[in-house]
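Please keep the sequence and the coordinates open while reading.

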Amino acid sequence: MAYLLGILVAIVVFWMGNSGHYTPLMLGFAALSVVLTLVLSARLKIIDREGAPYVRLAGFAAYYPWLFWEIVKSNVVVIKACLRADLDISPALVKVKTTCKSDLAKVTFANSITLTPGTVTVEIDGDKLLVHGLYEAGTVPEAFEEMDRRCARAADPAEKAS
């Protein structure tokens, strides 16, 4: 029931923030659409801990600025590689083991790797990710440990990430 109330609040806040129309007719449409969304979500049994947005807000609020800085640093490395006369890249594929438990955390970790220039997550298989990187030295499994730890802490807040 707590997840239902949390999602109700999240949907109402999202609608109110994006709509900008507060006439009785629009508020009636809003109430109808929110109730319909909640009923359908409950019937589909998709209201659970993983779908509750408010559980992860603090974790993601701390994670995304750190990820943004990692993206900026990787951009500098890739831009330098592109501007050099000799292309000194050494592409590599590596398997990275993740400590993330939920599917959401694993996908967030995989997408974070892909958002970082010079790396792409090719496949997720259980708790292992296949990652392609431009530089063999920077594409070792240890290079992703901090991102994995931070992502697990953000997306699996009740889990104890190691």
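Directly after helix H1 comes glycine 20, whose phi is positive, near 80°; helices (H or I, at least four residues) and strands (E, at least two) are DSSP runs, numbered from the N terminus. The model is a predicted one, in which local features need pLDDT of at least 70 and side-chain atom pairs count only at pLDDT 80 or more, while totals for chains, interfaces and linings use all residues. Residues are numbered from 1 along each chain as its sequence is written, and side-chain values use heavy atoms, with hydrogens and water left out.

**Helix H1**
- Helix H1 covers residues 2-19, and because its 18 residues should span 26 Å at 1.5 Å a residue, the 26 Å between its end C-alpha atoms agrees with expectation; the expected span is 1.5 Å times one less than the number of residues.
- Gly6, Ile7 and Ser19 are buried in H1, where buried means under 20% relative accessible area, exposed over 50% and partly exposed in between (1.4 Å probe, protein chains only).
- The cover over the buried residues of H1 includes helix H2 (24-43).

**Leucine 8**
- Leucine 8 is found in helix H1, and with a relative accessible area of 31% leucine 8 is partly exposed.
- Leaving aside residues up to four places away in sequence, leucine 8 touches Val34 and Leu38, a contact being heavy atoms within 4.5 Å.
- The C-alpha atoms of leucine 8 and valine 34 are separated by 7.3 Å, although the two residues are 26 residues apart along the chain.

**Overall form**
- The protein has 5 helices and 3 strands, and along the sequence they follow the pattern α-α-α-β-α-β-β-α.
- The radius of gyration is 20 Å, well over the 15 Å that the globule rule gives for 162 residues, so the protein is more spread out than a compact globule; the radius is taken over C-alpha atoms, and the rule is 2.2 Å times the number of residues to the power 0.38.
- Along its principal axes, the C-alpha trace spans about 65 × 35 × 25 Å.

**Burial, contacts and surface**
- Of the 162 residues of the protein, 29% count as buried.
- Among contacts with a separation of 6 or more, 68% are accounted for by residues 24 or more positions apart.
- The protein exposes about 10200 Å², of which carbon and sulfur atoms supply 67%, the areas coming from the Shrake-Rupley method with a 1.4 Å probe.
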